[in-house]
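Colleague: I have not seen this structure before. Can we go through it by question and answer?

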Amino acid sequence: METILLNNGKTLPLEGFGVFQIADQTLCQQAVLEALQEGYRLIDTAASYFNEEAVGRALRTSGLPRDEVFVTTKVWVQDFGEVKTRDAVLRSLEKLGLEYIDMVLLHQQMGDYYGAWRALEALVQEGIIGTIGVSNFYPDRLADLCCNAAIPPAVNQIECHPFYQRRYDLQVMKNLGVVPMAWGPLAEGGHGIWTHPTLEAIGKKHGKTNAQVALRFNTQRGVVVIPKTTHRTRMAENLAIFDFTLDQEDLSAIEALDTGHTEIIDHLNIDTVTFLNHYRIHD
C-alpha cells in the first residue's frame, strides 16, 4: 500500500474501502470485515449512509489494533452549525463505538458549514477527531474555507474518475495543500467502464483489469480512492494496483476520456442544492 502525507503531518493510505449504498447492517459489517482481512486500512462511511454501527462492529470483530485502521465519517448538512455539528460527531462516535475518529468531513458545501467547521476545529483540539476535511467542495468554496479556517482542511472528497478527471480541481487542491479523495472512482459503473476499449487495451498491456487501470490512474495522480464492493474477489482485485505503473502513453490515452462534466450528481444544479439542503437523515 502506498500512502500520502496530509497537511497535518499524518499519512493516509492511497486506497481505502467505501461503504456508500450498503445500508444493510449485516451485509455492511461482513463487507468491511472482509475488506480489513484483505488488507484495507482506510474505511470511509458517513452519517447519511446509515451504517456507522456496522463499520464499528466490523472493526472490533477484526481484532486489528485501533491505530492500524483509519476511519472516516461525514457530517450531513442537516447537522451543520457549531452546536449541531458537535452533537452529530458525538453521535457518530457513539455509533462507531470508538474513542476517537481519525477523520471527519463536512459532506457538502451548503448551509452553515463555517459554524460546522469551527465545531470540527474544537473537536480536533479536544482529541476527539484526528483530521478534518470536506467533501464535494468546488474550488472557490474550498479556497475560501482555506483562507479563513484556523485549521485548513486536509482532504476534499470529490467525484473523480477517468471520465470526469477534475484536473482544475486537483491543481487548486495541490496549490492549497489539500489531498484529493475520489468517491465513485469507478464512475459507479457508468460509461461502460468494465468493457471500455481504451481501459481494456491498457489493462491487457499490464495484465490488469479495467477497474485496476481506472484506480491506478487516480492513485498515480495522488488521488486517494475508496472503491466499494460487497464481493471479496473484487476487493482483492481493487487492492492489487500498486505493482504496476501507467506510462505516459497510457496516461495520455486515459486523459482523452475526460468528458469534463458529471453524469452522477451535479452539486451546482439548483434543484440538487435544494434537495440536499432539505434532505433529512434523522428527526
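Colleague: Which residues does Tyr49 touch, leaving out those up to four places away in sequence?
Modeller: This is a predicted model. Tyr49 sits in the loop between E4 and helix H2 (52-62). Setting aside residues up to four places away in sequence, the residues touched by Tyr49 are Val19, Phe20, Ala23, Asp44, Lys74, His107 and Gln157.

Colleague: Is Tyr49 buried or exposed?
Modeller: The cut-off for buried is under 20% relative accessible area. Tyr49 has 10% relative accessibility, so Tyr49 counts as buried.

Colleague: How far apart in space are the C-alpha atoms of Tyr49 and Thr72?
Modeller: Thr72 stands opposite Met103 in E6. In sequence, Tyr49 and Thr72 are 23 residues apart. From C-alpha to C-alpha, the separation in space is 12 Å.

Colleague: What is the strand order of the open sheet of eight strands?
Modeller: Strands of a sheet pair through backbone hydrogen bonds, either parallel or antiparallel. Here the pairing is parallel. The order is E3-E4-E5-E6-E7-E8-E9-E10.

Colleague: Which are the edge strands?
Modeller: An edge strand here pairs on one side only. That applies to strand E3 (17-18) and strand E10 (224-225).

Colleague: How many bridges pair strand E5 with E6?
Modeller: Strand E5 covers residues 70-75. E5 and E6 pair in the parallel sense. The number of bridges is four.

Colleague: Why is E6 largely enclosed by the rest of the structure?
Modeller: A residue is buried under 20% relative accessible area. E6 is largely enclosed because its buried residues number six of the six.

Colleague: What is the bridge partner of Ile101 in E7?
Modeller: Strand E6 (residues 101-106) and E7 run parallel. Five bridges join E6 to E7. In E7, Ile101 has as its partner Ile129.

Colleague: How many of the residues of E7 are buried?
Modeller: Strand E7 spans residues 129-135. E7 is mostly covered. The buried count is six of its seven residues.

Colleague: What is the bridge partner of Val134 in E8?
Modeller: E7 and E8 pair in the parallel sense over two bridges. Strand E8 (residues 155-159) is largely enclosed by the rest of the structure, because five of its five residues are buried. Val134 is bridged in E8 by Asn156.

Colleague: What is the phi of Gln21?
Modeller: Most residues other than glycine have a negative phi, and most peptide bonds are trans. Gln21 is found in the loop between E3 and helix H1 (25-38). Gln21 is not a glycine, yet its phi is positive, at about 70°.

Colleague: Is Gln21 buried or exposed?
Modeller: Exposed means over 50% relative accessible area. Gln21 has 55%, so Gln21 is exposed.

Colleague: What is the relative accessibility of Asn136?
Modeller: Asn136 lies in the loop between E7 and helix H5 (139-148). Its phi is positive, near 65°, in a residue other than glycine. Asn136 counts as buried, because its relative accessibility is 7%.

Colleague: How far apart are the C-alpha atoms of Met235 and Ala35?
Modeller: Met235 lies in helix H9 (residues 232-239). Met235 is buried, with a relative accessible area of 0%. Beyond four places away in sequence, Met235 touches residues including Phe17, Ala31 and Ala35. Met235 and Ala35 are 200 residues apart along the chain, but their C-alpha atoms are separated by 6.4 Å.

Colleague: What is the radius of gyration of the chain?
Modeller: The C-alpha trace spans about 55 × 40 × 35 Å along its principal axes. With 283 residues, a compact globule would have a radius of gyration near 19 Å. The chain agrees with that, at 18 Å.

Colleague: What percentage of contacts between residues at least 6 apart in sequence join residues at least 24 apart?
Modeller: The chain has 11 helices and 10 strands. Buried residues make up 54% of its 283 residues. Of the contacts between residues at least 6 apart, those joining residues at least 24 apart make up 75%.

Note on methods:
Residues are numbered from 1 along each chain as its sequence is written. This is a predicted model: local features need pLDDT of at least 70, side-chain atom pairs count only at pLDDT 80 or more; totals for chains, interfaces and linings use all residues. Side-chain values use heavy atoms; hydrogens and water are left out. The radius of gyration is taken over C-alpha atoms; the globule rule is 2.2 Å times the number of residues to the power 0.38. Buried means under 20% relative accessible area, exposed over 50%, partly exposed in between (1.4 Å probe, protein chains only). Contact means heavy atoms within 4.5 Å. Two strands pair if DSSP finds at least two bridges between them.
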